[in-house]
Amino acid sequence: MKKVINFNEVTKKLPKHLHKFIVKQPYEDYTAQNQAVWRYVMRMNIDYLSNVAHNSYLEGLKKAGISVNEIPKMEGMNRILKDIGWAAVSVDGFIPPNAFMEFQAYNVLVIASDIRTLEHIEYTPAPDIIHEAAGHAPIIANPEYAEYLRRFGEIGCKAISSSKDFEIYEAIRLLSILKEDPSSSEEAIDKAQQKVEEIQNNMGELSEMAQIRNLHWWTVEYGLIGTLKNPKIYGAGLLSSIGESKHCLTNGVLKTPYSIEAATQNFDITKQQPQLFVTPDFAHLSFVLEEFANKMALRKGGLKGVQKLIASQNLGTIELSTGLQISGLFSNVITDENNKPVYIQTTGPTALASRDKELIGHGTDYHAEGFGSPIGKLKDINLAIEDMFPKDLEVYGIYEGKKTTLLFEGNIKVEGEVITGKRDLKGKIVLISFKNCTVTHLNTILFKPAWGIYDMAVGKEIVSAFAGPASVSSFKNLGKVSEEKTHKINYTSRELELHKLYGEVAEIRKSKFVNVNKLNSILEKLKLDFGNDWLLPLEIYELVFKGNDILEVETLNYLTQLKKNKKHTHLINNGIKLIINKI
């Protein structure tokens, strides 16, 4: 069955290559127990977080269209989110970091469609709708934070990955899926854990993407705000975790002032964090982001930028001083004696652009085999080609119909007949095309006349290098969707029977008529057949508290008995406390 996704004013602006990551929210697949898990976590969080979260949290829940009692529907959230210029889409678990951040750049929240199981009610190793919707969405109601999130996405999606980054992404994704699936074997989980650790221990120097992912983790996911002695919570991972939101404020977790140093602090996504960073305010987040961006190849360009793209083995772009953008898989860079880049090469489909718009006639079909061009000035000539006026170009033999020889710094020689040139909107020349052209570096031939027309980029230096294409329409099938899908839980007939009981209690709560006989019958069924389930008895207790003495006492006695399982003790105690305080 084909998925049907409804786009609104915000999501309509998303480039098509991001559509492949969007899934139809499987709302009909959420069980009544899933709904009860959502309700328990949300009620606990609101009760606790109202005092320890950033003051945008409670109001933000309303502005994001998030209900306490029911898992939110994307359509409902989007109707409300559009008022603050944002939207939400449903995805399958973790998506690649570049894609995740690109969604943010378009003011779109990425929300994992699954929900944690009852066994992981306090903390889930996998992204889920509680984490994404109830964690991320509320704080974007704060305009300063929302702009930080958008700007982070804009910069982050340009960060250059290493060849290992996608490998670690896939390994972590698999581990999180296995840990959240109750049917996974310990052997499979251990094997996946070992794989993650093996890759992490052999990552080498942290890539730009790895570093900016760290900044994202220590702010958007696990950030604290305020003072070191009395911080508030704003990170989505903390806002959505009952256990960690309490643990993080204890002395057992080291608190450090947030700075650019956080970029080198790695994390383990499957465990609670032993240390966190505290920002004094949201403005400081943007300050650190800009500080990091100033160190990126995006703003520094140069030889290191090209080398990062070559090492990444992924599609990337360099921008020259003329504004010409070359997008492709970079494979080689030639340098001079001063270690300045004098020639760049791509392999395979390449596209040329200016101001993020593909140059007409210079898409991947035309440059299907790759692209190469000298970079820099002509040898012994101070005036760069890009700065030459028509008379200067004529003096140096660069005009239509002229057979010419151009010798660049670094001993790159271009010999051929000038056909034409392309200029930008300001009239600056950005590309010169030759026929019968030979390009050499010392004794190495870089281009032969038999290969056709030679298009030479014009630019004296590389001013920027970044991940992805300049024009998103230049390349098809951008971004790779993981083949490892989140496991759909296959419930046993016994589990489905339990879920049906959850549904019956939910209906009684919604009807506002407390059917004591029905609740008593359900409680007896739980005692007899589902002795490990603690959440449904708690929901029954809420309905009969201060309303029916006999069933109230009987339910409380049963909950007290269930507390003998130490794993559930504090969960039950917290639930009872909330019920009593609410009344």
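**Entry 1: the largest cavity**

I started with the largest cavity and wrote down what lines it: R39, Y40, R43, M44, L535, L538, E539, E542, G575, L578 and I579. A cavity is a set of points on a 1 Å grid over the protein atoms alone where a 1.4 Å probe fits but cannot get out, and lining residues have an atom within 4 Å of a point. This is a predicted model, where local features need pLDDT of at least 70 and side-chain atom pairs need 80 or more, while totals for chains, interfaces and linings use all residues. Residues are numbered from 1 along each chain as its sequence is written, and side-chain values use heavy atoms, with hydrogens and water left out.

How big is the largest cavity? I noted a volume of about 70 Å³, counted as the space filled by probe spheres on points joined across faces, edges and corners. In total I found 4 cavities of 30 Å³ or more.

Next I asked which helices the lining comes from. Helices α1 (32–52), α18 (535–544) and α20 (566–582) each give at least two residues to the lining of the largest cavity. (Helices are DSSP runs of H or I with at least four residues, strands are E runs of at least two, and both are numbered from the N terminus.)

I then sorted the lining of the largest cavity by class: 6 residues are nonpolar, 1 is polar and 4 are charged. Here Ala, Val, Leu, Ile, Met, Phe, Trp, Tyr, Cys and Pro are nonpolar, Asp, Glu, Lys and Arg are charged, and the others, Gly among them, are polar.

**Entry 2: a salt bridge at the cavity**

(The rule is a side-chain nitrogen of Lys or Arg within 4 Å of a carboxyl oxygen of Asp or Glu.) Since E542 sits in helix α18 and R39 in helix α1, the pair ties together parts that are 503 residues apart in sequence.

Are E542 and R39 buried or exposed? I found both of them buried. Buried means under 20% relative accessible area, exposed means over 50%, and partly exposed is in between (1.4 Å probe, protein chains only).

K525 and E497 make another salt bridge, with the closest N and O atoms 2.9 Å apart. K525 belongs to helix α17 (residues 516–529) and E497 to helix α16 (residues 493–511), so the bridge ties together parts 28 residues apart in sequence. I have K525 down as partly exposed at 29%, and E497 as partly exposed at 33%.

I also came across a network: salt bridges that share partners link E147, R150, R151, E154, E290 and R299.

**Entry 3: the largest pocket**

Then I went to the largest pocket, which has a volume of about 1,200 Å³. (A pocket is an open set of grid points with protein on both sides within 12 Å along at least five of seven lines.) Its lining has 47 residues, and N98, C157, A467, G468 and P469 lie nearest the centre of the pocket.

Which element gives the largest share of that lining? I found that α4 does, with 5 residues. Several elements supply at least two residues each, including α4 (97–105), α7 (165–180), β8 (324–335) and β9 (341–354). By class I noted 23 nonpolar, 16 polar and 8 charged residues in the pocket lining.

**Entry 4: one loop and the whole protein**

I looked at the loop between β10 (357–358) and β11 (370–374), which is where Y366 sits. I360 is in the loop between β10 and β11 as well. I360 is exposed because its relative accessible area is 76%, whereas Y366 counts as partly exposed at 42%. I also took the C-alpha separation of I360 and F513: it is 69 Å, for residues 153 apart along the chain.

Last, the overall picture. I noted 20 helices and 17 strands in the protein. Of its 583 residues, 54% count as buried. The C-alpha atoms fill a box of roughly 105 × 55 × 45 Å along the principal axes.
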